[in-house]
Amino acid sequence: MAIDKRKNKLQVLKKILLAILITIVAVFLIRYYFKHYYVVESINTPIVWDDDEIPTDEDDELSTNENGTSNVEGILYVHMIDCGQGDSFLFEQNGKYGLIDCGTRSTGKDVVYYLQKQGVSKLQFIVGTHQHDDHIGGMYDVLNSFKCEKVYLPDENGLATSQWYMKLLNKIKEDNIKLVNPKVNTKFKLGDAVFRVVGQLSSEAAGSNLNEYSTVIKVSFGEMDILMTGDAESKAEKAMLENSKISLECEILKLGHHGSNTSTSEKFLDEVNPEYGLISCETGNSYAHPSTETMKNLKKRKVKVYRTDEQGDIVLTVTSDSVSFNKKPGDYKDGVSLAKN
Ligand SMILES: [Zn+2]
């Protein structure tokens, strides 16, 4: 009798353990499915072009006067927001605001707080350079906190399907925000500052690397130009070098991919020929950004470097023919040596 009872108990225990195991596996599989494969039915938000956004080769005001140099007024402020291992840049011109990238899902709240401190209530636009967490992870928080007219996001041909991204697309649709897939030559303005897409690979050209989908924008204010590269890597840089009808020369370069050696090739750096380099990354990041090679190349060319990992938030004050910074230039230390400290 005692042995039978023990056997029964053992069998019940086995069944309970099996049930627990099956539940764990099922929960894991469901989570995995939703994270990687679940596609919300309504993600196909129609893309609407504004007249001033339709790519055109026409000899318009901007191409006859490529940099939009005519009569800019006031100041363009560019805020490099320290958002850890990510990018977020706030542009402010004549009381209007636009944002390029929004930090990560965990630092989106810091970006929101920074914008609130600046008195932002509405954004004319947000550009998400590409569908990685460290650039658009914080966009949901930003959209939850500020009105926004338009969101620019590259068409990555359905490569990004994570649950948080689908939630973001639904948010954009529910809030009736105009969603635009930028193309080379798409342009828009913020006060007198002109934003013009100079790099945008097609899905055929970009392949499976989301970084190569990065929308690259030349921001022009009077004589001053800033190149915002997202995480564009060598393919995107090569395409710009070969095909760009617009000069890539800029006083200020936001270095691609947090100063990684997969971006900012020497040829590209020579073509852009910047006086100032902006790097957004986190101290001691696991990617060892910025790379030794990139920092050497910047030093060799005497490019003055401003970096969020060592200097925190940085503000650029851009007039029609000058730029000043609220911090002194940073050093040329690479991510490897900083990670060791
Ligand atoms: Zn990135």
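This is a predicted model: local features need pLDDT of at least 70, side-chain atom pairs count only at pLDDT 80 or more; totals for chains, interfaces and linings use all residues.
Reader: Which residues of H6 are the buried ones?

Author: They are Tyr 165, Leu 168 and Ile 172. Buried means that 20 or more other C-beta atoms, placed from the backbone, lie within 10 Å of the residue's own; exposed means 12 or fewer, and partly exposed is in between. Residues are numbered from 1 along each chain as its sequence is written.

Reader: What makes the buried residues of H6 line one face of the helix?

Author: Seen down the axis, they fall within an arc of 55°, so they line one face; the arc is that of the directions from the helix axis to the C-beta atoms. The face turned away from the buried side carries the exposed residues Lys 167 and Glu 174. Cover for the buried residues includes helix H4 (133-136), helix H5 (139-145), strand E5 (147-152) and E6.

Reader: How do you know that the reach of H6 is close to what is expected?

Author: H6 (residues 163-174) has 12 residues and reaches 16 Å from first C-alpha to last. The expected span is 1.5 Å times one less than the number of residues, which here comes to 16 Å. After H6 comes Asn 176, with a positive phi near 55°.

Reader: What makes E2 largely enclosed?

Author: In E2, 5 of the 5 residues are buried, so the rest of the structure largely encloses the strand. Phe 89, Phe 91 and Gln 93 are buried on one side, and Leu 90 and Glu 92 on the other. Helix H3 (residues 108-117) has buried residues that pack against E2 and H5; among them are Val 111, Val 112 and Leu 115.

Reader: Why are E1 and E2 called paired strands?

Author: Strands are DSSP runs of E, at least two residues long, and helices are runs of H or I with at least four, numbered from the N terminus. Two strands pair if DSSP finds at least two bridges between them. E1 (residues 76-80) and E2 (residues 89-93) have 5 bridges, in the antiparallel sense, and therefore qualify. Leu 76 stands opposite Gln 93. E2 and E3 form a hairpin with 2 residues between them, and Asn 94 in the turn has a positive phi of about 50°.

Reader: What makes E6 and E15 the edges of the sheet?

Author: The open sheet has 8 strands in the order E6-E5-E4-E3-E2-E1-E14-E15, with mixed pairing. E6 (178-180) and E15 (323-325) each have a single partner strand, so one side of each is left without a neighbour in the sheet.

Reader: How many residues are in the largest nonpolar core, and which have the most contacts inside it?

Author: The core has 73 residues, and Ile 126, Val 216 and Ile 217 have the most contacts inside it. Strand E8 (residues 193-199) gives the most to this core, with 5 residues. A nonpolar core is a set of buried Ala, Val, Leu, Ile, Met, Phe, Trp, Tyr and Cys residues joined through C-beta atoms within 7 Å.

Reader: What does Val 216 touch?

Author: Leaving out residues up to four places away in sequence, Val 216 touches residues including Val 197, Val 198, Leu 227, Met 228 and Met 240. Contact means that the C-beta atoms, placed from the backbone, lie within 7 Å.

Terms used: Two residues are in contact if their C-beta atoms, placed from the backbone, lie within 7 Å.
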